[in-house]
Structure formats: structure tokens, C-alpha cells
Amino acid sequence: MNSFRVRLTLIMITMIGLAVLAAGLFMGKTYRDNHLEALQDNMVREMRIILDHMEWKQGDPSELFGYYTQQAQQLKEITDTRITFIRGDGTVLGDSDHAPGTMDNHSTREEVMQAKKEGIGQTTRYSDTLKENLLYVAMLVDPKNPNSDIIRLALSLEKVDESVQRIWMTLIIGLLILFILAAIISYRVARGLTRPLEQITRVSKRIKNLDYKARVVVKRNDEIGELGMAINAMADSLQVQMTRIHQNESQLASVLDNMINGVVMIDANGTIVLFNRMAEEILGFPAREIIGQHYASAKQQYELTQFIQEALELREHLRDEVTFYFPTERLLDLNLVPIFENDEEFEGVLLVLQDVTAIRRLERMRSEFVANVSHELKTPVTAVKGFAETLLGGAVDDSETARSFLQIIYDESDRLNRLIGDILELSKIESRRVPLLYSPVELSSFVNKTMELMSAEAVRKQIRVTAKVEQGLYVEADEDRLRQIVMNLLANGIAYTAEGGCVSIVVEPVHDPNATLDEFGQENYEHIRIHISDTGMGIPKKDLPRIFERFYRVDKARSRSSGGTGLGLSIVKHLVELHKGTITVESKVGSGSTFTIELPVIQ
Ligand code: ADP
């Protein structure tokens, strides 16, 4: 752009310079011509005056030499001009600066010939005699006779040239000043023209470098102004489009990042180009390390890389379920979909990973549950069927045996009933079909009431049940469900403790070191704990992690004799979790068990 400015300036300066030079030359020439013309007029006038005052003698030239020479010398003193008197045939009669006898015939001198033709002749010429430029003006003595004698004046042009030179000097200085002024003005004009263009270029460069906020400051109404406005309009539209693209991009990125499936894109060359957050978690590579790498660099996932290779080669949709051992063991559902641009050009493959570990585990648990339930149901049903058959086979006649068999059938069907009841209850809780009805529960009275419900059983087994509850403790809970929890644990405590043993229930707030005090100076606790302990047989360490599983029993026979279904603790755990609480157990074989429930005070 600068070079454009310089060029523009140079062109303008050259043009101005040429114009000024031409004007100068013309002025110089005109001045010289005018000057010469004025001089010539003067000289003609002088010659007329001379002729008027002088006696023009005729006769033998050799006699006239003296006279004319003297006249010429006298006149030169007055006029300061060289004077020559010439006869009609060209013989010099007298000259102010030379002896006429030594001078050649002047009939061929330009001014003489012209004077003969027109009356007055004039020329400028370098005089060999005087060695300088002279202006010669010749005139016929008798204007009517072309052959008459001639008077000629010659003036040194030195003075004329001097004054012309002075004029030239002035002109050159003037021109120089003019030229400098013109240069400055040209530069400023050029700058005025190029500056907005430079600004537009700068803005365009910024836009090119992705700075879409850059705008041209438009101050003019001309074409350059229009160009600026057009650039601004382009920047506006670019900015809008880029914002839209960014929005779309971030939408897409957030969709990808928040997907529960891992998504990996591999281009036709096998380079990983996309790796979302879930893929990072499932495959155990950080995206920033793996993006741009070849898929084969994921060496830990050998099976997966083989699978990708197959998909890249076959360009078909592939699907498989594979167990991965890195970074953790999981079962993954792999979907490889080929990507085609415009339905023809192969672009790569899209890998969608779904962690199906939990789903498959759930499915397995479900089918195991069905098998367990069938098995559990089968036992009492078989017993009922067997005893009923025996009765039908004749035992019914023996009233004693019949009675005991009927008792067994009754007990078994009662167990069946309870079992079915527990299964229904568990499925209801698991599927969350019954919503919890929260209300504040005052724990002291709640515990007392619950203990009363269990008292008959306790008395029967001669077990002492004690309670220790801090006064004024509240918890937000579904009271019926909370009762179900506590009753189940108390029932287990009573069931798995020998006669004469003890079962205790302790309720306490969980002390938090950061807790604040309320207006009564009491601590604002966030959780409460309920401990239910017994002095019973305890649970072996190896069984502890499993006792909350459905149908899990430490000792089948004992559980059966105590009328248990193996579902109680499972139901308890679910209910505690519905209250967003936790349940833990500590136990020592032979000395007893303690179940601890921690519940949030506010739901
Ligand atoms: P059950 O109906 O058999 O009691 P639960 O789910 O309530 O089933 O308990 C699972 C198993 O945990 C029981 O079979 C028993 O072996 C063991 N168990 C539960 N509570 C106690 C306890 N207080 N003391 C000893 N063992 C217990």
C-alpha cells in the first residue's frame, strides 16, 4: 500500500514538475524574445535619430573612411553601441570598433540582406571580430531605395543574456519552491487517498486472522467509503455465521460429551479424529493424547484394534459384545458403522461403545432371582404335596398322624404365604411402585411402639429387649416403612439369639464437628443412627458381605426353623436406601451382631 502511495506521489510530482518546467521554458523564451524586440525597436529609433542628425556623404570610399569612422566612434560614445556604416555594394565605410579598410564586404551579412529586402534587417550572431554574441540591426538609409547605403547597430547580448540568466535563476528557485510545495501537497493528497485503503487492508487482515470484531471506520461517501461498508457488511455476516457455527459446535460437543455411550471416530487412514468423554472413561485414554494418533497405538485394547481394522477393511456395519480388562473389567457392546460422504466416498468408521456390564448383570440377577424364587417356592409346595399324598394314601385314618401332617401342611403353606408376600413386597419396593410418604417421626415414641409390637415374640423366647433413645430426636421418614425396617431387624435379633439373651436398640444423632447450634442451644445434626444389637450367635465374617442378598442365608436349616424367608435383610436394605440412608453390620460369631442404620434427618 505504501508503494502505491509513493507511486501516486511520484506521478503527481512528475506531472507538476513537467508542467512547471514547460511553463518556465515558455516564460524564459517569451521574456528573451520580448527583450530582443524592445532592444531592436530602440536601435531602429536610434538609427533614425542618427540619420536625421548626420550628413550622409557620398564619394570615393577611401576618402570617406576617415569621416565615417570618426562619426561612428563619436556616436558609440553616446549610444554605447557598435556602429557600422556600409555602402550599398557591401563595402564598409566606417566602424566604431574596427578600421573599415580591414573589414570584408558585408553584402552577404544576414541583417544586410534582410534590410535590403524589407528596409530593416536583424539577427543575433557570434561576432568573430568581438568574440561575443551580438544583436545586429541594419537599416536602409533611404528606405525607398533597396540599393541605398546601410547603417547598422550592433549591441552586445551579454547584458541581455545576463538578465535572461537572472530571470532563469529566479525561475529555477521559484520552480524549486513550487516543486517542493507540489511534492508535499501531492504526498498529502496521496496519503488522503491511500490511508483509508490501508485501513481497509488492515481490517481485512485482522478478519483473515479470525478477528471477526474488526470493523472499518467509514468517514467518506465515495467509492472507498462504499468499499469500507462492504467489508464491514462482510465482517458482520462472517461474525454471525461464525457465532452460529460455534454454537452448533458447542451444542454438538456437549451432546457428545454428555452421551452415556462412548463415541470414537476414525478416518479412512485409521487416524482417531473424535474421542468423547465417555470413550475416555470406558477405554482409559485421555482424548487429548489419543486424538490425531493411529488407532493401533491403543495397544492395550488389542481386540478393539482388530475389530476397527476389520471395519476399515470391510466397510460394513459390525457389532459385537466384548469383555474388556483395561482400565477395568467390563462388558462392552461395540458398534462400528462405516461413514460415507455423499453416499460414496469412504470417510472412516464411527465406533459407538456401550457399557452393558450393568445391564447384563441385572439380566443375570433377574434370571437367577427367578430360579431362586422357583426353588424357594418348590420346597414348601413339595412338602405340602408329599404330606397331602401320604394323608390320601391312608394316613388320614390315624388321627394322631393326620393331625401332625396337617400341622406341617399348615406351617408350610403359611411359609409359602409369607414367602410370596415378601417376594411381592420386594418387587414393589424395587420397582418403586409405592412412593414414600414422608413425615416427621419422633423417635422415642416410635421405638417404644415398635418394641411393643415385638414384645409377644420376645417374651416367648425369654429375650430382654431394651431401648435407649435421646429425647426430642426427630427424623423425616415414611413411618410405616421405618417400622418395617426396625421390626425386621428386631425380629432377626430375637430369632438368631438363644433364650435368655438380649436385644437392644439405641438411637443417637451423628455429631458433626462443623454443626451449628439452633436457638435453644442445641446442635443441628444432619444424620441419626439406629443401632440394633443382639447377644446372639453372630454371623461368620465370610458371610457378612452377602447377607443383604436375596435368599442368602448363613444357615439354611436354622433360618427355616426360625421361619425366615431369606428376604428380610434385602427388603431392609432397599427401604434404607429409599430413605437415602446406609446400613452396615458388625458381628462376631458367638457374641452377637450389631446392625447400624444411618439416615438423613431431612429428606
Ligand atoms: P431370614 O429370613 O433368613 O432371616 P434375612 O434376610 O433376614 O433372612 O437374613 C439373612 C441371613 O442373615 C439369615 O438367614 C441369617 O443367617 C443372617 N442373619 C440375619 N440377622 C442376623 C442376626 N441378628 N444374627 C445372626 N445372623 C443373622
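Modeller: Helices here are DSSP runs of H or I with at least four residues, strands are runs of E with at least two, and both are numbered from the N terminus. Bear in mind that this is a predicted model, where local features need pLDDT of at least 70 and side-chain atom pairs count only at pLDDT 80 or more, while totals for chains, interfaces and linings use all residues. Numbering runs from 1 along each chain as its sequence is written, and side-chain values use heavy atoms, with hydrogens and water left out.

On to the lining: 42 residues make it up, and N492, A495, Y496, S562 and G564 lie nearest the pocket's centre. (A pocket, on a 1 Å grid over the protein atoms alone, is an open set of points where a 1.4 Å probe fits, with protein on both sides within 12 Å along at least five of seven lines; lining residues have an atom within 4 Å of a point.) Elements giving two or more residues include helix 10 (399-430), helix 11 (443-460), helix 12 (479-495) and strand 17 (592-600). By class, you get 19 nonpolar, 14 polar and 9 charged residues, with Ala, Val, Leu, Ile, Met, Phe, Trp, Tyr, Cys and Pro as nonpolar, Asp, Glu, Lys and Arg as charged, and the others, Gly among them, as polar.

The space comes to about 1100 Å³, taken as what probe spheres set on the points fill, with points joined across faces, edges and corners. For scale, the second largest pocket has about 560 Å³, and its lining has 22 residues.
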